[in-house]
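Please keep the sequence and the model in view while reading.

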Amino acid sequence: MVQTRTVNETTLLVGGRVHSPAAPDATAMAVTGDTVVWVGQDGPGRALHPEAEVVDLDGAFVAPAFVDAHVHATSSGLHLTGLDLSGVRDGGELLAALADAAAATRPGEVLVAHGWDESTWSAPRVPSRAELDQVVGDVPVYLSRTDVHSALVSTALIALAPQARDADGWSSDGPLTQEAHHRARRAARDAITPQQRRRAQDAFLREAAARGIVSVHECAGPDISGEADLADLLALAAEPGRPEVVGYWGQLGATGLAQRLGLRGLAGDLFVDGALGSHTAALAEPYTDCPGTHGARYLDADTIAEHLVACTEAGLQAGFHVIGDAAVAEVVHGFRLAEKVCGQRALAARGHRLEHLEMVDEDQAELLAGWAVTGSMQPLFDAAWGGTDGMYATRLGAERAAGLNPFAALAARGVVLAFGSDSPVTPLDPWATVRAAVHHRTPGSGVSARAAFNAHTRGGHRAAGMNDGITGSLVPGAPAHYAIWDAAELVVATPDSRVQRWSTDPRSRVPALPPLELGRPLPTCLRTVRSGRIIFDALLGGDTNPTPVPGASPQTTLSGGGTAPTPPPGASPQTPLTGTA
């Protein structure tokens, strides 16, 4: 439940380190209601706000809270509350884990699990359907690969989706891809009980808040989660004490649904192509490790243009899932066609977006910037699959793989970047995401820590249409969306030796950030606040409705600025906060 407070009550944070472009050396911040009203030093803060509730930060770091610009809440929650396959290292381990989970599955429920990736296994052979059936019996089982574009399924699941047998991508024994996978996934989604869905969505929203995230962009659609799933998620997120959910629906011609549910756009996972891991991303040249295929393209330029025009005229964001270079080329062609109908200014005014955008060249980036397109991207993809020995290089060869996820080139040409996780494909881990964007596995493709942090905070708000210039910053007048972190010393640094030295000097007035070198501990979330209201508090194990302690001081003390203490027995790993309330 949400923390209660009167609309005009002021909270004064003191004794910390506040990330604010208005006062880069700030140690204090005042919040009245849902708005940041002042930032500066402790002494003036106490003098200006003598009646405020004082929170002693004890050296903790206060920063704008994160926005995850691409998630799948129910799938992520099922991953959090159920079987996690990301740690299995061969088919035998997968089957053993599956047997235990199937035995524990409640009667009438489908077993949904995620995360297997045979490219990381010691022996890459994927279990057959017969082997799955042997350990799960009559339990309907849907096991999505890490990229969520193919899945292993049991015979009992196929019985719920017999039409999958006649679709492209069908396999009688191995993983399903393309349309066969979409049909099986839809059947698995429809088999999830309301109780399963509620547990999963609640777990996801709690995890997001515990990670310092105040807003997520749910990328739903008819083949992914379903209308009822999205409606339930929006209703759950509307309860007090939850992160915001910005809803997107990936379907052509669904303007009425978008307006009925109050969605931001018909965007997100509207598939132009598939994914590299499943050999379904659409490529101009064949896959290196599968020379007989160019992947799959689901939409052509004319259809893309029609959708852009329809959304532009309806006042909605349009957007597409696009990964391969052939798919990106088709999208760019579609924008050119739409511009002939709408005009460049009208097209740009809607802030349309592209999800993933992994294989884009510099000329295409310049065109996309001219249409004010947002690149909704996932830096942990590069951390997981980039480099000369990663999955990208296996699928594409080293030369093509080196050009993927070119954050620096896109930013240099004016494409707005909004970072996210595509959870459950990669974890909800914002600081790891920022670090991955800085330490790109292809030299020259990463961005500065400041740019990466902005893409995961302000960029996410901007991608959802908040163009006021202050949302996502801690400056007077901005919404009070912030998180408090136990963090090491702060630095102003850049990975690019070409940047002038003055930008790393404290006198440059650039707000500092925690160090992001590989191998160093990342900050731990102590508290998450959305619109001035606490939605996660580690002191209370995540409970945001604290019971007053008789005789307690009105001043709250947080413990920060160093290594988190060992949590008490049974505490969550995100529960490092100590002190009194």
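Of the 581 residues of the protein, 56% count as buried, a figure that, like every other here, comes from a predicted model. The protein holds 20 helices and 22 strands, and among its contacts between residues at least 6 apart in sequence, 72% join residues at least 24 apart.

Helix H18, which covers residues 430-438, illustrates the buried part: 9 of its 9 residues are buried, so the helix is largely enclosed by the rest of the structure.

A second place to look is the packing of two helices. In general, two packed helices are described by the angle between their axes and the distance between the axes. For helix H2 (residues 73-81) and helix H7 (residues 194-210), the angle is about 90 degrees and the axes lie 7 Å apart. Because angles of 65 to 115 degrees count as roughly perpendicular, H2 and H7 are roughly perpendicular to each other. On the H2 side the contact is made by Ala73, Thr74, Ser76, Gly77, Leu78, Leu80 and Thr81, while H7 contributes Gln196, Arg197, Arg199, Ala200, Gln201, Ala203, Phe204 and Glu207. Taken by residue class, the contact of H2 with H7 divides into 6 nonpolar, 6 polar and 3 charged residues.

Notes. Residues are numbered from 1 along each chain as its sequence is written. This is a predicted model: local features need pLDDT of at least 70, side-chain atom pairs count only at pLDDT 80 or more; totals for chains, interfaces and linings use all residues. Side-chain values use heavy atoms; hydrogens and water are left out. Axes are lines fitted to C-alpha atoms, for helices over the stretch in contact, and angles run from 0 to 180 degrees between N-to-C directions. Helices (H or I, at least four residues) and strands (E, at least two) are DSSP runs, numbered from the N terminus. Angles under 35 degrees count as roughly parallel, over 145 as roughly antiparallel, 65 to 115 as roughly perpendicular and the rest as oblique. Contact means heavy atoms within 4.5 Å. Ala, Val, Leu, Ile, Met, Phe, Trp, Tyr, Cys and Pro count as nonpolar, Asp, Glu, Lys and Arg as charged, and the others, Gly among them, as polar. Buried means under 20% relative accessible area, exposed over 50%, partly exposed in between (1.4 Å probe, protein chains only).
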